Amino acid sequence: MNQIKIFCPATVANLSCGFDVLGLCLEGIGDEMIIRKSEQKGLRITKITGADLPLETKKNVAGVAGMALLHHLDLAFGFDLEIHKKIKAGSGIGSSSASAAGIVVGINEILGNPLSRKELIPFAMEGEFLASGSYHADNVAPAILGGFTLVRGYNPLEVIKINSPKELFVTILHPQIEVKTSASRKVLPKEISLKSAISQWGNLGGFISGLYTEDYSLLGRCLHDEVAEPERKKFIPNFDEVKTVALENGALGCGISGSGPSIFALCKGVKIAEKVANNIRKVYSETGIEFTVFISKVSDSGVIKI
Ligand code: HSE
C-alpha cells in the first residue's frame, strides 16, 4: 500500500468522573487525512484545509506524533501528509488527538500494521503533549481504539477498552469559542480533599461497572465531577443552565467534554438525545453565542480507512 485516506474521529474525554483517564469515541464527526509513502525520509505536511495550523512538521501535532513513530520504526523512506480539519481547535472534542491518532494509525496501516493499535498510543501522546503541555491519553486512546477507554495507569501506560452499552447516545453542544487545553489545565486544583477523592473514585468504579452491565441509571448516578468542572465551568457561558436543561429533559448526566467549551450529555436512546438537543438549542440561542448541537452514537471503530 502506498497511500491511505482515513477518518480521524472526535472524542469526549474525562466524562465527569474520569479526569485524564476516561474517554469515548464519537461517530460521524472527525477530520480526514491522506497519507502517501515517499522516497524521502521523514514526514512532510503538504496541505492543511479547514484550519490555520502550522505546516512545519515539528510545530504540528500530527507532525510530532508521526515523527515519534517514524523515529521508532527507523524506515528508509518517509511520508507526505494532507490534513483536512473538520474539528475546530480548542473545541473540547479532541481536535489535536484526532490529528495525533490519525497519523500514527495511517502510517501503521500503510506499513501493514507492524504495531498493535494499543502500541500506537504513546506516539500519539507526543502530539497531545505539543498541543497541551501534558501527556494524557484520554482522547487519543478512544480515537485509536474506538468505544470507551480507560487509562488504568500512565507509568507504565495501560489502556483498557470497555464495553459500550447499545442504547447510549451522546448529545454535544459546541459553543463557538476557543478554550485552550493548556489554559484550562492551569485552573485545575493542585490537590483535592479525601472526601472529593472518595466520591470521584466511587463514581469512576460505578461508571465502569455500569458500562459492562449496561445499567443506564447507574451510569447517570456516576456522572459527577468534583475535580475539574467546578473551576473549568467558568470558561463556559451558561454551563449550569445547559446542564439543568439536559437533566430535566432526561439526560443520564451532563458535563464538560474534555477541557471544554463543548458540553456533553449522555442519554439512553436517540429520542431522549434529540429532546435534550432541542432544548439545549433553545436555551443557548438566548446567549447570543454561536453554537452547534449534534447527536452521536459511541463509535466502536476509532480511526478508519475511508
Ligand atoms: N483530560 C484532558 C483535560 C483532556 O481535561 O485536560 C483534554 O485534552
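**A close look at Ser 91**

Let's start with the side chain of Ser 91, which reaches the backbone nitrogen of Ile 93 at 3.4 Å; a polar contact here is a pair of N or O atoms within 3.5 Å, where one must be able to donate a hydrogen and the other to accept it, and residues adjacent in sequence count only if both atoms are side-chain atoms. This is a predicted model, in which local features need pLDDT of at least 70 and side-chain atom pairs count only at pLDDT 80 or more, while totals for chains, interfaces and linings use all residues. Residues are numbered from 1 along each chain as its sequence is written, and side-chain values use heavy atoms, leaving out hydrogens and water.

Where is Ser 91 along the chain? Ser 91 lies in the loop between strand 4 (78-84) and helix 2 (95-110); helices (H or I, at least four residues) and strands (E, at least two) are DSSP runs, numbered from the N terminus. Ser 91 counts as buried because its relative accessibility is 0%, buried meaning under 20% relative accessible area with a 1.4 Å probe, protein chains only. Leaving aside residues up to four places away in sequence, Ser 91 touches His 174, Gly 260, Pro 261 and Ser 262, with contact meaning heavy atoms within 4.5 Å.

Now for the wider setting. Buried residues make up 56% of the 306 residues in the protein chain. Of the contacts between residues at least 6 apart in sequence, 73% join residues at least 24 apart. The protein chain has 10 helices and 11 strands in total, and its C-alpha trace spans about 60 × 40 × 35 Å along the principal axes.

Methods
Buried means under 20% relative accessible area, exposed over 50%, partly exposed in between (1.4 Å probe, protein chains only).
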